[in-house]
Amino acid sequence: MIETPLVAAPELGDVWLKLESLQPTGSFKVRGAANRILTLDDPSRGVVTASTGNHGRAVAYVARSLGISATVCLSTGVPPGKVEALRALGCELVVDGDSQDDALVNAERLVTERGMALVHPFDDPDVIAGQGTIGTEIFGAGVEADTVLVPLSGGGLAAGIALALDAWSPTTRVVGVSMARSPVMAMSLERGEPVVVAEQTTLADSLQGGIGIENRFTFPILQELLDDVILVDESEIWKAMRWALGSRRLVLEGGAAVGIAALFGGHIDTPGTTVVVCSGANIEPRHLAELADELATDARNAGRDRRD
Ligand SMILES: *Cc1c(COP(=O)(O)O)cnc(C)c1O
């Protein structure tokens, strides 16, 4: 786990990118997974989790480095690139069910049946505290952020950052960004209670999944501390991924590009000094190839213009 760079992106305005995409396992999830696993009373029976990919990978990585066994429950909707990455880490995989919520039920069954410790993907104080170290690093970097844009799914990332910044810099606005396709936390916050919504496919696959109808921690924390939620559509997400690769040679998966998408979409009033949390790099290879193709076509067309 590393302290990730906070780099200026003047092309986007008074904007800084917090590059969690550079973490080992390619996402910030290693922070929460490590904090949870390192504080377990008895990790000897192994750890189990449910994941849309990145959390499972982080758990498997931390478990392997500590010599603990890990089991990851996935729905059949997790993209093949993420399944392969998990296999390569040598954890046990249980691929079953149509949704992230189904996968979580399978993980909870293994806790009961085999006495493994659950490393919840978001609704756990140790996980939230781990993700919150990002907020502490943003503050510590000395950038006085008016707005921090945080990709939002189950809300562990946003809750951790919001708690940290509430302590260090209470005037900083923390804004969650989700895809418009089944934004469960956004709908729950609007309704005032956790709701269940069917998943839809999206480029932001790592933001899919529910918040748990019995949500204990992230929902109430975000009810209190999240300043706003913004939704971005698929074309805005693609444009942001493409900008990151084309202009910065930065590989961002869809779920990590939603903050940049929100800026491009003009969704934020007077953002001021803005930190965009770029949460992960684990893009599907076919999407990376498509992006590279589009950029190559643009470059060829630009070359033709110059010769005219
Ligand atoms: C898990 C994940 C998120 C969302 O985190 P939550 O704590 O579930 O809100 C955002 N981006 C990436 C890349 C992720 O893997």
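Two strands are said to pair if DSSP finds at least two bridges between them, and the strands (E, at least two residues) and helices (H or I, at least four residues) named below are DSSP runs, numbered from the N terminus. The model is predicted, so to read the views note that local features need pLDDT of at least 70, side-chain atom pairs count only at pLDDT 80 or more, and totals for chains, interfaces and linings use all residues. Residues are numbered from 1 along each chain as its sequence is written, and side-chain values use heavy atoms, with hydrogens and water left out.

**View A. An open sheet of 4 strands with parallel pairing.** The strands follow the order S5-S4-S3-S6. Because strand S5 (92-95) and strand S6 (117-118) stand at the edges with a single partner strand each, one side of each is left without a neighbour in the sheet.

**View B. Strands S3 and S4 with helix H2.** Strand S3 (residues 47-50) runs parallel to strand S4 (residues 70-74), and 4 bridges join the pair; Val47 has Ala70 in S4 as its bridge partner. Helix H2 (residues 54-66) packs on the sheet and touches S3 and S4, where contact means heavy atoms within 4.5 Å. The direction of H2 makes about 165° with that of S3, with axes being lines fitted to C-alpha atoms, for helices over the stretch in contact, and angles running from 0 to 180 degrees between N-to-C directions.

**View C. An open sheet of 6 strands with mixed pairing.** Here the order is S1-S2-S10-S7-S8-S9, and strand S1 (6-8) and strand S9 (228-232) stand at the edges.
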